[in-house]
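Me: I have a model open and want to learn how to read it. Can we go feature by feature?

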Amino acid sequence: MKYINSPIDTINFKNHQVFIKRDDLLDKYFLGNKARKFYYFLNYDFNGIKKIISFGSPQANSLYSLSVLAKIKNVKLDFYVSHIATFLKQNPHGNYKEALKNGANIIELNQNEISTQEYVEENILKNEEHYIYIEEGGRVKEAESGIKILADEIMNWAKDNDENNLKIFLPSGTGTTALFLQKHLDMEVLTCACVGDEAYLKKQFFQLNSDESKHPTILKNKKKYHFGKLYKEFYDIHLELLDETQIEFDLLYDSLGWLNLISSKYFTQNKILYIHQGGILGNESMIKRYENKYL
Ligand SMILES: *Cc1c(COP(=O)(O)O)cnc(C)c1O
């Protein structure tokens with residue numbers, strides 16, 4: 001499999017020009033944010049390794065990306081989840097469905113005593129051998145090499161196109177991507193908190209780098225949002241983006257990302273390069289939920 005530079009598109013949204021780094025088009029199967037974070041494992045020597053063990057949500061983008069990785073590397077994937085909703089089991093869709101198609105073993109623990117991570121680390125790993133264990137969403141140090149490649153692609157593009165006043169924007173979950181991007185980029189990285197609040201994101205940054213001067217800039221959200229919940233304005237901006245740019249953005253991170261960006265001063269005062277981090281497979285079920293609620 002070849003891993004190529006993702007394209008950068010120029011779009012107009014609300015009468016402003018924005019550049020879009022299309023990591024959603026990175027590859028047909030191994031794409032988006034999680035492909036960058038798991039890039040390290042793509043080059044990793046799996047000789048003697050029989051399976052990848054990980055855990056998280058049965059709808060997670062990381063589940064799908066790990067299932068692709070396991071397939072490429074010809075190993076099994078055991079992915080532990082705390083619970084799978086009956087509806088999802090009976091109507092597989094999105095990341096869950098595609099991961100199953102790739103042969104993932106999605107294992108439901110159905111226990112509430114301890115966290116899924118603790119359960120896996122204390123009860124599963126000791127009975128396994130010839131595996132590599134990847135923590136939820138991709139462990140920190142391994143994520144850096146793939147994100148550095150993304151940073152290099154952006155730096156080269158900016159140089160070739162004489163774009164020396166760029167600001168980079170991307171919405172954050174754990175903040176790992178934004179932090180390592182800022183580490184390897186000369187331009188300022190702007191982000192917003194989609195999981196937890198700004199204080200949580202700041203804490204995550206400190207865990208990865210104690211030097212605050214190297215942290216991305218967190219733009220405050222106008223309102224408190226809970227990850228995975230439905231908000232009319234998320235759906236509206238998703239449709240507006242689709243209509244104006246013909247690009248489908250993710251409903252969990254990008255809708256909040258764009259709402260945050262357009263209400264900031266940077267949107268009108270700076271040239272922005274927005275990173276499209278994929279996640280589209282998860283949209284199908286979100287759109288159904290939105291249609292049920294608002295149509
Ligand atoms: C995982 C993910 C993010 C968040 O990435 P972090 O490195 O955890 O901040 C953002 N967008 C999409 C589509 C993702 O899959």
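Me: Which residue has a polar side-chain atom 2.7 Å from an oxygen atom of the ligand?

Reply: First, a caution: this is a predicted model. For a polar contact, look for a pair of N or O atoms within 3.5 Å. Here the residue is K34, with a polar side-chain atom 2.7 Å from a ligand oxygen. K37 also has a polar side-chain atom by a ligand oxygen, at 2.9 Å. For N33, an N or O atom of the side chain is 3.2 Å from an oxygen atom of the ligand.

Me: Which residues come nearest to the ligand?

Reply: There are 15 residues around the ligand. Of these, K34, N61, G173, T174 and T177 come nearest.

Me: On to sheets. What is the strand order in the sheet of six strands?

Reply: The order is 1-2-10-7-8-9. The sheet is open, and its pairing is mixed. Strand 1 (8-13) and strand 9 (217-218) are the edges, each pairing on one side only.

Me: How do strand 1 and strand 2 pair, parallel or antiparallel?

Reply: Antiparallel, over six bridges. Strand 2 covers residues 16-22.

Me: Over how many bridges do strand 3 and strand 4 pair?

Reply: Five, in the parallel sense. Strand 3 spans residues 51-55 and strand 4 spans residues 76-81. Check F55: its bridge partner in strand 4 is Y80.

Me: Now helices. At what angle do the axes of helix 10 and helix 11 cross?

Reply: Judge a helix pair by its axes. Angles of 65 to 115 degrees count as roughly perpendicular. The axes of helix 10 (residues 232-245) and helix 11 (residues 254-262) cross at roughly 85° and come within 9 Å. The two helices are therefore roughly perpendicular to each other.

Me: Which residues make that contact?

Reply: Helix 10 supplies E233, F234, I237, H238 and L241. Helix 11 supplies S255, L256, W258, L259 and I262. By class, the contact has seven nonpolar, two polar and one charged residues.

How values were computed. Residues are numbered from 1 along each chain as its sequence is written. This is a predicted model: local features need pLDDT of at least 70, side-chain atom pairs count only at pLDDT 80 or more; totals for chains, interfaces and linings use all residues. Side-chain values use heavy atoms; hydrogens and water are left out. Axes are lines fitted to C-alpha atoms, for helices over the stretch in contact, and angles run from 0 to 180 degrees between N-to-C directions. Helices (H or I, at least four residues) and strands (E, at least two) are DSSP runs, numbered from the N terminus. Angles under 35 degrees count as roughly parallel, over 145 as roughly antiparallel, 65 to 115 as roughly perpendicular and the rest as oblique. Contact means heavy atoms within 4.5 Å. Ala, Val, Leu, Ile, Met, Phe, Trp, Tyr, Cys and Pro count as nonpolar, Asp, Glu, Lys and Arg as charged, and the others, Gly among them, as polar. Two strands pair if DSSP finds at least two bridges between them. A residue is near a molecule or strand if one of its heavy atoms lies within 4 Å of it. A polar contact is a pair of N or O atoms within 3.5 Å; within protein, one must be able to donate a hydrogen and the other to accept it, and residues adjacent in sequence count only if both atoms are side-chain atoms.
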